[in-house]
Amino acid sequence: MFWEKYTQSQIKSKVFESLSKNTNYRTENILGIPGTFLDTDIFYDDAPFLKDAPFLSVLIANPNHIGVHTLGDEHEDFFSGTHEIEKDLIKICAEEIFGAEPHTYDGYVASGGTEANIEALWIYRNLYVQEYLANLNEIAVVYSADTHYSIPKGINLLNLNGIEISVNQISREMVFREFEQKIESALANGIKYFIINVNMSTTMFGSVDDIEKMTNFLNLLHINYKLHVDGAYGGFIFPFTNIKNLFNFNNKNISSFSIDGHKMLQAPYGTGIFLIRKDFMKYVCTNEAGYVKGKDYTLCGSRSGANAVCVWMILRIHGSVGWTVKMHQLVDRATLICEKLDELKIKYFRHPDLNIVTIDANYMSQELAMKFHLVPDKHDVKPNWYKIVVMPHVKQGIIDNFLTELKNEQHFNLR
Ligand SMILES: Cc1ncc(COP(=O)(O)O)c(C=O)c1O
């Protein structure tokens with residue numbers, strides 16, 4: 001895994017160069033697009049600082065990145081300059097982070113992990129319908145109980161069957177016997193096609209599904225399946241802290257990934273990334289998108305080019321080496337919390353390569369959880385868990401204060 005680190009001035013000149021290759025609403029004859037630069041009363045383009053602010057300059061120029069630009073040359077050419085930056089971003093993610101060979105993948109910057117996950121379900125559903133003439137009642141999506149709610153949301157939207165597998169309450173691993181049994185019973189009940197969602201870190205626990213165990217079983221039974229990795233949370237951290245993991249395109253069992261820029265990467269909201277092997281996007285081509293050159297393959301349609309540029313800028317300013325260091329720092333800080341919890345004999349779950357620490361709610365008062373804004377697993381009834389997510393703003397001082405108060409509480413018998 002390697003991508004080069006750029007200096008601020010290299011980034012600036014590359015972004016401004018790409019912007020200069022876009023069609024400019026201010027200086028060129030553009031009569032047909034229902035888009036323009038941002039409102040000039042608020043976003044005036046002669047603000048002096050803009051010449052040093054590449055992201056804001058792209059935001060104001062407002063390029064639309066509608067469509068998927070890795071698919072070939074046939075796409076909107078108004079904004080081909082910033083499309084190139086998005087292509088470099090997708091290349092870094094697919095080739096460097098997830099080990100794909102050049103030209104073997106497609107991808108785009110989606111609105112978030114939800115869209116990227118639903119895009120995957122949509123593609124595989126249509127593949128089964130188009131290639132195997134499947135009925136919707138013959139297709140099922142399999143996922144663990146700790147899976148993000150965007151998967152059930154997608155199942156609902158796409159009219160699919162969901163098969164939820166329980167997790168072990170201590171290890172947070174899928175109950176594997178149940179996985180086997182539910183798949184066997186689905187087969188007996190007429191399900192022929194499976195979409196498997198595998199979590200490369202769950203939202204609440206940071207747990208990572210055992211992909212090898214799952215695919216060994218599926219392959220042994222010659223199950224017809226497509227496998228999507230939900231790395232919306234873990235995608236920009238786990239590959240850096242666990243370099244020998246099996247979540248990459250060298251793993252033939254995987255077809256697609258979701259990874260969110262607006263989580264670990266500290267990019268603005270609207271920066272989910274969807275990656276998939278070549279020859280899959282065609283199943284969601286909306287041919288009715290006649291006015292869009294190159295057609296549309298995404299759920300969202302129009303999307304901001306500034307978002308793609310911003311994620312690229314963040315990856316480039318750190319380079320792969322800097323990013324790896326940064327992710328290790330978060331994980332180390334999470335480890336310190338865990339060491340203290342061990343001392344206090346407080347029950348928690350934590351994956352050693354992730355920055356989420358999820359504490360058993362029996363060991364903490366609700367007041368303390370609220371004071372430090374820990375997030376509960378549920379809001380409507382008494383929570384079982386509260387999580388700490390060690391993000392860059394979670395500094396050692398706050399952690400120390402929290403742990404001191406937590407320690408003081410242990411004098412009272414909370415359990
Ligand atoms: C594992 C996982 N998948 C999907 C999502 C959905 O992401 P978004 O809120 O960006 O749509 C999240 C968000 O927390 C997540 O943690």
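Helices (H or I, at least four residues) and strands (E, at least two) are DSSP runs, numbered from the N terminus. The structure described here is a predicted model, in which local features need pLDDT of at least 70 and side-chain atom pairs count only at pLDDT 80 or more, while totals for chains, interfaces and linings use all residues. Residues are numbered from 1 along each chain as its sequence is written.

**Domains and core**

The domain assignment, whose bounds come from an automatic or database source, gives domain 1 (80-318) and domain 2 (320-408), and the centres of the two, taken over C-alpha atoms, are separated by 27 Å. Contact requires that the C-beta atoms of two residues, placed from the backbone, lie within 7 Å; 17 residues of domain 1 are in contact with 20 residues of domain 2. On the side of domain 1 that touches domain 2, the elements giving two or more residues are α8 (238-241) and α9 (305-343), and α8 gives the most, with three residues. The residues of that side divide into seven nonpolar, eight polar and two charged.

A residue is buried if 20 or more other C-beta atoms lie within 10 Å of its own, exposed if 12 or fewer, and partly exposed in between, with C-beta atoms placed from the backbone. A nonpolar core is a set of buried Ala, Val, Leu, Ile, Met, Phe, Trp, Tyr and Cys residues joined through C-beta atoms within 7 Å. The largest such core has 111 residues, of which L89, C93, V141, I196, L275, V309 and V311 touch the most other members. Its largest share, 15 residues, comes from α9, and because domain 1 (80-318) and domain 2 (320-408) both give residues to this core, it lies between them. Leaving aside residues up to four places away in sequence, C93 touches F98, G107, I259, I273 and L275.

**Strands**

Two strands pair if DSSP finds at least two bridges between them. In strand β2 (residues 139-144), six of six residues are buried, with I139, V141 and Y143 on one side and A140, V142 and S144 on the other.

| Pair | Sense | Bridges | Facing residues |
|---|---|---|---|
| β2 and β4 (residues 193-199) | parallel | four | I139 and Y193 |
| β2 and β3 (residues 161-165) | parallel | five | S144 and I165 |
| β8 and β9 (residues 356-360) | antiparallel | two | F349 and T358 |

An open sheet of four strands runs in the order β8-β9-β11-β10 with antiparallel pairing. Here β8 (348-349) and β10 (375-376) stand at the edges, each with a single partner strand, so one side of each is left without a neighbour in the sheet.

**Positive phi values**

N62, in the loop between α2 (54-61) and α3 (80-97), has a positive phi near 60° although the residue is not a glycine, and N62 is partly exposed, with 18 other C-beta atoms within 10 Å. H222, in the loop between α7 (211-220) and β5 (224-231), has a positive phi of about 50° and is likewise a residue other than glycine; with 7 C-beta neighbours inside 10 Å, H222 counts as exposed.

Conventions. Ala, Val, Leu, Ile, Met, Phe, Trp, Tyr, Cys and Pro count as nonpolar, Asp, Glu, Lys and Arg as charged, and the others, Gly among them, as polar.
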